[in-house]
Amino acid sequence: MAFTILIAVLPTVILSYFVYKKDIIEKEPIDLLVKLFVIGVLSTIPAAFLEGLLLKILPTSSNTMLNAFIISVICISLVEEGYKGLFAYAVAFKNKNFNHIYDGIVYTVFISLGFATLENILYVVEYGTSTAILRALTSVPAHAFFGVSMGYYMGIAKYNDKIGNKKKSKKNKVISILLPILFHGLFDFLLLTENEFMLIVFFLFVIILYALAYIQIKKHSRIMTMME
């Protein structure tokens with residue numbers, strides 16, 4: 001059991017260290033990052049409650065694709081990314097340390113990894129080591145990737161907020177929530193269809209997410225866009 005838990009937590013350690021290390025302009029305070037991570041963990045509670053409620057009240061269909069869409073987009077993606085975004089903006093957006101676009105990526109990745117870590121531990125305790133390994137390569141990194149897309153646009157929104165462009169700030173706030181919902185929804189939809197072709201598309205999609213997240217992190221960790 002201890003080994004299985006270790007596998008469940010290991011991707012979080014690796015990904016959080018990678019994102020933190022790439023923050024080469026100005027490191028974010030450890031206490032703030034720990035706070036965001038814990039908030040991510042705690043956000044699983046209201047998310048699980050709302051997901052369970054939606055699964056009970058939303059209609060089901062004989063159409064497998066439609067059911068997969070309802071569950072993946074409305075019951076899971078909308079709820080989980082919605083809570084992550086809500087807490088990210090509530091805790092980090094006005095923080096005095098948020099003075100570079102890359103900071104937004106760091107903040108939302110730590111919230112996302114907090115959420116993914118508890119979720120992953122619960123999954124692997126129930127389903128075992130094979131699930132831990134599979135989720136370590138797919139689901140946990142995916143949550144981090146969703147966080148990268150959220151944080152980048154939150155950083156753009158913060159920048160525009162600082163220079164007084166409220167219209168662009170509002171636009172990018174909306175994108176910062178909608179884009180990870182789209183990515184997360186597609187990720188779960190491809191899995192829930194239980195279709196061989198969709199499974200191939202799923203793994204290609206995961207590879208694309210890896211590439212996009214890496215490019216965003218590498219590019220924006222070095223750009224000194226000041227907001228002070």
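User: Hi! Is Leu199 buried, partly exposed or exposed, and why?
Analyst: Leu199 counts as partly exposed because its relative accessibility is 39%. Buried means under 20% relative accessible area, exposed means over 50%, and partly exposed lies in between (1.4 Å probe, protein chains only). This is a predicted model, where local features need pLDDT of at least 70, side-chain atom pairs count only at pLDDT 80 or more, and totals for chains, interfaces and linings use all residues. Residues are numbered from 1 along each chain as its sequence is written, and side-chain values use heavy atoms, leaving out hydrogens and water.

User: Which helix is Leu199 found in?
Analyst: Leu199 sits in helix H9. Helices are DSSP runs (H or I, at least four residues), numbered from the N terminus.

User: New topic: where is Arg222 found?
Analyst: Arg222 lies in the segment after H9. Its relative accessible area is 55%, so Arg222 is exposed.

User: What does Arg222 touch?
Analyst: Leaving aside residues up to four places away in sequence, Arg222 touches Ile24 and Ile25, with contact meaning heavy atoms within 4.5 Å.

User: How many residues apart are Arg222 and Ile25 in sequence?
Analyst: They are 197 residues apart in sequence, yet their C-alpha atoms are 6.7 Å apart in space.

Key:
Helices (H or I, at least four residues) and strands (E, at least two) are DSSP runs, numbered from the N terminus.
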